[in-house]
Amino acid sequence: MKYLITGGAGFIGGHLAQLLLNDSVCEKVIVIDDLSTGSFDNLKLIADDPKLEVVISDITDPKCDLRKYVKEVDCIYHLAAAVGVELVVREPGRTIHTNVHGTENVLKAAVEFDKRIIVASTSEVYGKSNHEFFSENDDLLIGNPIHSRWSYACSKLLDEFYTLAYCKSHRLRGTVVRFFNTVGPRQTGQYGMVIPRFVKSALANKDIHVYGDGSQTRCFCHVFDTIRALKALADNKESFGGIYNIGSQRKISILELAELIIKELKSESKIKFIPYEEAYEAGFEDMMHRAPDTSKINELIRWRAEHSLEKIICDVAEAMK
Ligand SMILES: NC(=O)c1ccc[n+]([C@@H]2O[C@H](COP(=O)([O-])OP(=O)(O)OC[C@H]3O[C@@H](n4cnc5c(N)ncnc54)[C@H](O)[C@@H]3O)[C@@H](O)[C@H]2O)c1
């Protein structure tokens, strides 16, 4: 099998490339990445593997020879995107451009050469919906465009529509995966990811900044669990034309998360509450709760998140040290 990973020098992409290369059926992994939020560090452990080819290029750039690489492979993982709440709030135009035009380019090439493709979407598409566990069958409640954070959800949702449209009209062998917070070693807190940000502060015994009052809850999935699901989906025909949640079902409030990290890392950090408008922008809207219903992917490939939150914290801290 030959694979293409767009955004393969990113956090999830780097781990996925490593997992695929370790499999005896893997003949080649091509990574295309513009290194905007990704880094060679994410590929360091596999950099000498002769089966790895790294192409530094922007998938929205007409000069990027996407068609050539798509033609060469059997399966595409499309992970390249503008990612992270802070980055999205700061640069909504770039977010839309990358997530819509980049995906359009990759999908068109996949259609042209009839390739299997798995497209990364996000739990953000559930928006302000108010269910205990979000299901793929739910209606979605996206916020108002005056709040730039919704540019990420909307652009990813358009990617979903695009993928499913090509599945219908061109028999594209496409699958959409909606990741809920995915974390693990090497994820950077630079773009607003909460666990690496908290762990970094805890290791330095600095204040941990909790945005809002910390009562908002989230679920955190170890990247090793996430990439296990991605690998299993590669040749799963039943998933063609489908949408699947991938995430952990253990809920924790952000305040409890900060307390757990302090305890696990035996840190002397104190918790400091920062109003949303100070952390992001005036009128910033957050979802109070966000947890996945994962029964659909569980029925499909018998997948569920297995790593504990304590293990995630420990792995993130070890990698940072
Ligand atoms: N990590 C999470 O919790 C999470 C949650 C929901 C969805 N996702 C989705 O998963 C995918 C991977 O996210 P990640 O957490 O690994 O983030 P990441 O930022 O580490 O990875 C994204 C990669 O895409 C690359 N990229 C961005 N724009 C590009 C462009 N125009 N051309 C080529 N490469 C480009 C970046 O350099 C980076 O390496 C993204 O599509 C993201 O939206 C992630």
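User: Before we start on this model, what counts as a nonpolar core?

Analyst: A nonpolar core is a set of buried Ala, Val, Leu, Ile, Met, Phe, Trp, Tyr and Cys residues joined through C-beta atoms within 7 Å. The general idea is that in soluble globular proteins, nonpolar side chains tend to be buried together. Keep in mind that we're looking at a predicted model. Here the largest nonpolar core has 83 residues, and L4, I5, I76, I195 and F198 have the most contacts inside it. Helix α5 (residues 150-170) supplies the largest share of this core, 7 residues.

User: Let's take one of those. Which residues does L4 touch?

Analyst: Leaving out residues up to four places away in sequence, L4 touches I30, I32, Y69, V70, V73 and I76. I76 is also among the residues with the most contacts inside the core.

User: Now the sheets. In what order do the strands of the 7-strand sheet come?

Analyst: Strands of a sheet pair through backbone hydrogen bonds, either parallel or antiparallel. In this open sheet the order is β3-β2-β1-β4-β5-β6-β11, and the pairing is parallel. At the edges you'll find β3 (52-56) and β11 (242-246), each pairing on one side only. From one strand to the next, the twist averages 20°. V29 has L52 in β3 as its bridge partner. Helix α5 packs on this sheet, touching β5, β6 (174-179) and β11, and its direction makes about 155° with that of β5.

User: And the 3-strand sheet: why is one side of β12 and of β14 left without a neighbour?

Analyst: That open sheet has the order β12-β9-β14, with mixed pairing. β12 (251-253) and β14 (289-290) stand at the edges with a single partner strand each, so one side of each has no neighbour in the sheet. β9 (residues 217-219) and β12 run antiparallel, joined by 3 bridges, and R218 stands opposite I252 in β12. Lying across β9 and β12 is helix α8 (residues 254-264), running at about 85° to β12.

User: Last one, the ligand. Which residues come nearest?

Analyst: There are 29 residues around the ligand, and G7, G10, T37, G38 and A81 come nearest. The elements giving two or more residues to this shell are α1 (11-21), β2 (28-33), α4 (92-112) and β5 (116-122). α1 gives the most, with 3 residues. By class, the shell has 13 nonpolar, 13 polar and 3 charged residues.

Conventions: Residues are numbered from 1 along each chain as its sequence is written. This is a predicted model: local features need pLDDT of at least 70, side-chain atom pairs count only at pLDDT 80 or more; totals for chains, interfaces and linings use all residues. A residue is near a molecule or strand if its C-beta atom, placed from the backbone, lies within 6 Å of it. Helices (H or I, at least four residues) and strands (E, at least two) are DSSP runs, numbered from the N terminus. Ala, Val, Leu, Ile, Met, Phe, Trp, Tyr, Cys and Pro count as nonpolar, Asp, Glu, Lys and Arg as charged, and the others, Gly among them, as polar. Two strands pair if DSSP finds at least two bridges between them. Two residues are in contact if their C-beta atoms, placed from the backbone, lie within 7 Å. Axes are lines fitted to C-alpha atoms, for helices over the stretch in contact, and angles run from 0 to 180 degrees between N-to-C directions. A residue is buried if 20 or more other C-beta atoms lie within 10 Å of its own, exposed if 12 or fewer, and partly exposed in between; C-beta atoms are placed from the backbone.
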